[in-house]
Amino acid sequence: FLLFAPSAAAQKKYEEGKVYRHHLENGLTIMTMEQHLSPFIFHQLTYKVGARNEYLGITGLSHFVEHMMFKGTPKYGKGETSRIISQNSGIFNAFTSNDMTSYYEYLPANKIELAFDIESDRMMNSIIDPDEFESEREVILQERRMRTESKPSGIASEYMNSIAYQYHPNRDPIIGWPVDISNISRETAVEYYKTYYTPNNAILVLVGNFDTNEMLKLAEKYYGRIPRGPEVKDKFIPMQEQIVRKTFTLEHNDITTPSFRMAFHVPNFLHDDFPALRLAGMILAERSRDARLHKRLVTQQRIATSAAGGVGVTKDPTLFSISIGLAPDSSADRAEAMVWEEI
């Protein structure tokens, strides 16, 4: 009784709906929030690496490594994780952005240990097989052709970024430039994986129907055994000031009705002005009939079919964007003048 009493007394009570931050000795940060509405748990492992960590010559490498993480480990062969999670009524996927690469699972509460096992395993043991690497190179090039090169909206977004940013990693597409995707070596990818895919460069987010103390035990069991990786300093990347207004015109055979985009340089989420900019984006351009641009251009004047935009939460200075899809035979100049009036 005396041996176990201190352990029992140390069991902390966690309030439902509140976010708590925890740390393992190897540097892994864990964020938990209990939500007992349904018998499911969301497990997301985020690595603090994305397109902002790249440079010309290796653009798209973060996304490339994300793909390779699904190609298996000695414990879970290629395709096994997908099969196991599906058989246990779960879903999983991953995504890469400028700031992060994230892997998530959504599973019944009594199956969540699978997520811990799978993600902790590929944090240390991903194979990155040479043949699979070359095969996936072609998959990513095809993904780029489908999502960017064959879509007017994809081309416009890519050119908008490359023109808006004179000097900054954000000017390069997250999926990478074709010449870099075609030439990135497996050795470079392996070194990238060893550098950034470590517990001290990761954040584990857990939300759902669980007891936090039990989740922390699982985290220690599966992630606590992984040694710290190299210390990665967070990059501060200054942005070259833009001193002129830049415009470009894109003509494409698949465009049946015209549209236009506007982008403004704004600070990152830590700046005092960011909350106001975030709110301004919602008031002006949220995907809602109550947003001012939609109400005026789409509902009242009927010179546009869509109006959207706003600003995302990013580590670096970013763009506040506005996108207007014009109705047939409408004037882009007239629509732009209305946008300025609403701003």
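So, what do the buried residues of H3 pack against? In this predicted model, they pack against strand E4, residues 91-96, strand E5, residues 101-108, and helix H4, residues 113-125. The residues in question are Thr81, Ile84 and Ile85, in a helix that spans 80-87. If you look down the axis of H3, those buried residues fall within an arc of 95°, so they line one face of the helix. And after H3 comes Ser89, which has a positive phi, near 60°.

E1 and strand E2, residues 29-34, run antiparallel, and four bridges join them. Within that pair, His22 sits opposite Ile30 in E2.

Helix H10, residues 274-285, packs with helix H11, residues 292-300, at an angle of about 20°, and their axes are 4 Å apart. An angle under 35 degrees counts as roughly parallel, and that makes H10 roughly parallel to H11. Who makes the contact? On the H10 side, Ile283, Leu284 and Ala285; on the H11 side, Arg292, Leu293 and His294. By type, the residues of that contact split into four nonpolar, one polar and one charged.

Definitions and conventions: Residues numbered from 1 in each chain as written. Predicted model: local features only at pLDDT ≥ 70, side-chain atom pairs only at ≥ 80, totals over all residues. Heavy atoms only, no water. Buried < 20%, exposed > 50% of the residue type's maximum accessible area, 1.4 Å probe, protein only. Helix = DSSP H or I, 4+ residues; strand = E, 2+ residues; numbered from the N terminus. Arc of directions from axis to C-beta. Contact = heavy atoms within 4.5 Å. Pairing = 2+ DSSP bridges. Axes fitted to C-alpha atoms, helices over the stretch in contact; angles between N-to-C directions. Parallel < 35°, antiparallel > 145°, perpendicular 65-115°, else oblique. Nonpolar A, V, L, I, M, F, W, Y, C, P; charged D, E, K, R; others polar.
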